[in-house]
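Thanks for coming. I will go through one model this morning, starting with a helix pair and then moving on to sheets, chains and domains.

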Protein chains: 2
Amino acid sequence: MGNQTSWLDRLLLRAIHRAAGPVPVRMSSSGDGAGDSVLSTIPVLRVADRRTLLSLALNPEMGFGDGYTAGRIEVEGDLLRLLEIVSKRPRPVATRYSRLLSGWLAWIQANTLRGSRSNIHHHYDLSGDFYQLWLDPQMVYTCAYFPEPTATLEAAQSAKLDHVSRKLWLQPGETVVEAGCGWGSLALHMARNYGVRVKAFNISHEQIAFARERARREGLSGRVEFIEDDYRNVRGQFDVFASVGMLEHVGREHYRQLGDIIHRAIGDRGRGLLHFIGRNYHRPLNTWLRKRIFPGAYVPTLREVMDVVEPHDMSVLDVENLRFHYARTLEHWLTAFERSFDTVVQRHGSDFARMWRLYLAGSIAAFRAGALQLFQLVFAGRDCQSIPWTRAYLYEAPGEDNQGEATWIRAIS
Amino acid sequence: MGNQTSWLDRLLLRAIHRAAGPVPVRMSSSGDGAGDSVLSTIPVLRVADRRTLLSLALNPEMGFGDGYTAGRIEVEGDLLRLLEIVSKRPRPVATRYSRLLSGWLAWIQANTLRGSRSNIHHHYDLSGDFYQLWLDPQMVYTCAYFPEPTATLEAAQSAKLDHVSRKLWLQPGETVVEAGCGWGSLALHMARNYGVRVKAFNISHEQIAFARERARREGLSGRVEFIEDDYRNVRGQFDVFASVGMLEHVGREHYRQLGDIIHRAIGDRGRGLLHFIGRNYHRPLNTWLRKRIFPGAYVPTLREVMDVVEPHDMSVLDVENLRFHYARTLEHWLTAFERSFDTVVQRHGSDFARMWRLYLAGSIAAFRAGALQLFQLVFAGRDCQSIPWTRAYLYEAPGEDNQGEATWIRAIS
C-alpha cells in the first residue's frame, strides 16, 4: 500500500479483493503511489477515481463491467490474464447490493413470451453487418468443434454442424424441428447434407430474415422453413428436436415446459440434442452480462437440465463437454473483433466496442478457467428405435459412414 | 374370464393387472377355464393356487419373484417376453404393502460400514465356482462393451476394460484408486497395459482373495494392491479414481460422502470414471431384487449422481449410455447359465437356480425396455490438466494412439 492511500480506499480495496482475489488496483487520481503494491507478473487495474473504486467495491461485477466500458477502468497488462485470475475464484461472495440487483434483473428480464422477445432483440437484432465483422462466413454464433486445435474457425464451425447432425443420426426423409436457429446455418446444413426437412424457430427478426434469404439463394426454401416465433409455439410431429445455444435463454423456471414441448413434438420415439453453456454447480450468471449483454440469460447445471428430460422418461444417451472448444472459438472471435475494433468504434462508439471486447475476453477466461462449461446432450424418447450401437461412427471419415447403419439398435417393442 | 373364476379371484386379477399390465394369469388349481382368457401371442402366468395369487396381488414384485423361485408360478411361453411387457410399464403403482416393505428394506439394509459388508457378502461371496459357470474367463461381472453386437462376451469384456482405461487417459507411472474391484480384472488390465500402479478396494473377501492370486500369478503384485476394505477407508493421493459397478451399492444417501472421498483422493487436478446402472427418473429398485439378490442396492438417476461431483466443482466431461450393451451382456450370461442350469440345481438347489434365472432374465428385460440404463460418466477436477481435446482417440486403433497425445489440453493455471 502506498502512503497516500486513505482509510476509505483501503476499505474499498479490501472489498474488491474479497470478490476478485489478489488483483492489484491502483487509482490514477491519487498519484503514483496510491493503491496496492504491484507484483510484476499480474496485470494491474488502473481506476480513474474514487467513484469508480466505490462502484467496484459495491458490486464488483457491474462496477468492473461498466467502468471498463466507459474507460474509467483500464487494465495495464494482459486483460485475458486478469479475467482468468478472477474467473478462477471459487464461488464469489455476493454483496448485498449485487444480490438485490440480481433478483431485480431476474424479475424484469423474465422469459415470458413478450419478455423473451425483448431479451433476444437486445442481443441478436444487432445488425448482421456487426456480427459479420468477426464471425465465420457461415455466421455460426455458438461453440465450434475443432477436430484439431489448429483447425480454422470456418472449418471448425462446419465440423460442429456436422458433429451435431451426426449425433442426431439423421436419415433422409426425416423431419427436424430446431428451436433457436440463429442465422440458419444448422438447419441449412442438415437439409443440404442429410436430406431432412427442417422447421427452424427464432424470435430474432433480423436473424430470420437473413436465414430465409440464405435458404432462397441456396434453393432450400422447400425443405427448410424459417419461422419467426417462440419455441413455445412449436406445433406438429417431428422425428428429431435440435437446439444449439438457446437453452441459456430459456430460463431455469421454464425447463419442465421445454421438456413438455419437446415431448409433444417428438413423442416417445423421437430423439434430440441440446447444446448449451453450463456450470459445474449452481450459481447465477454474472450480473453485468445479464444487464448489458444477455438479458434473461441463465446458465444451468446438468442437474437442472434433467428437468427437461426426466418427466417424460427420456434417456440421456450422450453428454460431451466442449468447454475448451468454446475458449478456442472465442479466441478466434476476439482476434477478428480486435482487427475490426476501429470500425466498431466508428459505427457504434467506443463504449459499445469496449463492452463487446470485455464480454468476449471475459467469456474466453470463464471457459478456460472452468467457470463455464459447454455441454452437448443427446437424448431419446423411451420407445426410440434408432439409437446407434456405439459412438464410433461419429469419428469415422464420411465415406465409412454406411458401416454404422448395420449396427443400429432396433428397440424391442 | 372363465365361469369358475370367483369374485375374489377377479379382485386379485384386477390388482395384478394394475401392476403388471395385460398379462394373462391362469390358476392351475381352479381347472382349465379359470383366470384370464388367453391371447396366443402373450406368455401366460400359470399360478399354482389362490395363496400365490393373493401374494401376487398384495405385492406383485415379491409375489412374482418368490412364487417363480419356488415353482408356484410357471410361465407358459417366453419368460423374457413376459418380463419385457412388465418392464415397459410406466411408473408402477406401489401397493401399500409394497411401500411398507420397501421402507423396511431401506432401513435394515442401510449401507453403514457394517451393513455394506453384510449386503456385499450376500451376493459377491458366493463361491467363485458358481460365477465361473457363466461369466467370461476374466470374471468381469459388469456391463461389457461390444464394438460390434456380434462380438464374443470375452472380447467385449476386454474391450470394456480398455474403453474404461482409455476414457481415463491413463499415462505410464500414474496412480489409480479403484473402488469396488470385483475379481480384479480392471485393476490388472490397467497395470498390465497402461503402466499405472493401482490400489483396488473391495469388501468381498472371496473376490479379494481371488484377485490377489491372479496378481501373484501374473507377476503384477508389485503394481496392483488389492485391499479388503470399504471405499470409505481410501487414503492417500492418486491421479485417477475409477469405479465400475459399485455406485449401485453405495446408497443414495452416501453420494456426497463418496464425492468427498473421491475429492480427497484425487484433489482438484485428478480425473475419474463412474460406471453404473442408472434410471431415466427416480424410482426405487424392485423390492424382490433388493430382498433376494442385491440387499442395499439403489439405482440412481443422473440428477442424483450430480451429488458426487457438484459440491467439489468437478466437471462432467463425458457421459455414455450403454444400456443395450448390458442387455447383450446379460443375454450371454443367461445363455451360459441355462447351459449350466442342471449343475446349479445339483449344487445349490432348484429354488436358487430359478431365482438366478429370474434375476438374469428380468435384468435383460429391464435394459431392453429402458427401465434400466447403463451410464459411464467421466469427470475431472477443476484444475485437471490432462483432458483429451476430442473423444476421437477412443475410437482409434491401438497403433494410432500416440497421435492423440499432441492434442491434450494443458489447462491454464
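Which residues in α15(B) meet which residues in α16(B)? On the α15(B) side they are B:Phe341, B:Val344, B:Val345 and B:His348, and on the α16(B) side B:Ser350, B:Phe352, B:Ala353 and B:Trp356. Contact here is when the C-beta atoms of two residues, placed from the backbone, lie within 7 Å. By class, this helix contact has six nonpolar, two polar and no charged residues. Nonpolar covers Ala, Val, Leu, Ile, Met, Phe, Trp, Tyr, Cys and Pro; charged covers Asp, Glu, Lys and Arg; the others, Gly among them, are polar.

Before going on, the conventions. This is a predicted model, in which local features need pLDDT of at least 70 and side-chain atom pairs count only at pLDDT 80 or more, while totals for chains, interfaces and linings use all residues. Residues are numbered from 1 along each chain as its sequence is written, and chains are lettered from A and ligands numbered from 1 in the order in which they are written. Helices (H or I, at least four residues) and strands (E, at least two) are DSSP runs, numbered from the N terminus.

Back to the helices. The axes of α15, residues 341-348, and α16, residues 350-369, both of chain B, come within 7 Å and cross at roughly 135°. Axes are lines fitted to C-alpha atoms, for helices over the stretch in contact, with angles from 0 to 180 degrees between N-to-C directions.

Next, chain A. Three strands form an open, mixed sheet in the order β1-β2-β3, where pairing requires at least two DSSP bridges between two strands. β1 (25-27) and β3 (73-76) are the edge strands of chain A. Four bridges join β2(A), residues 44-47, to β3(A), and the two run antiparallel. In that pair, A:Val47 stands opposite A:Ile73.

Now the two chains together. 35 residues of chain B are in contact with 35 of chain A. β9(B) gives the largest share of the chain B side, seven residues. β9(A), residues 315-321, pairs with β9(B) in the antiparallel sense over three bridges, with A:Asp318 opposite B:Glu320.

Last, domains. Chain A is assigned domain 1 (7-100) and domain 2 (113-412), with bounds from an automatic or database assignment. Their centres, taken over C-alpha atoms, are separated by 34 Å.
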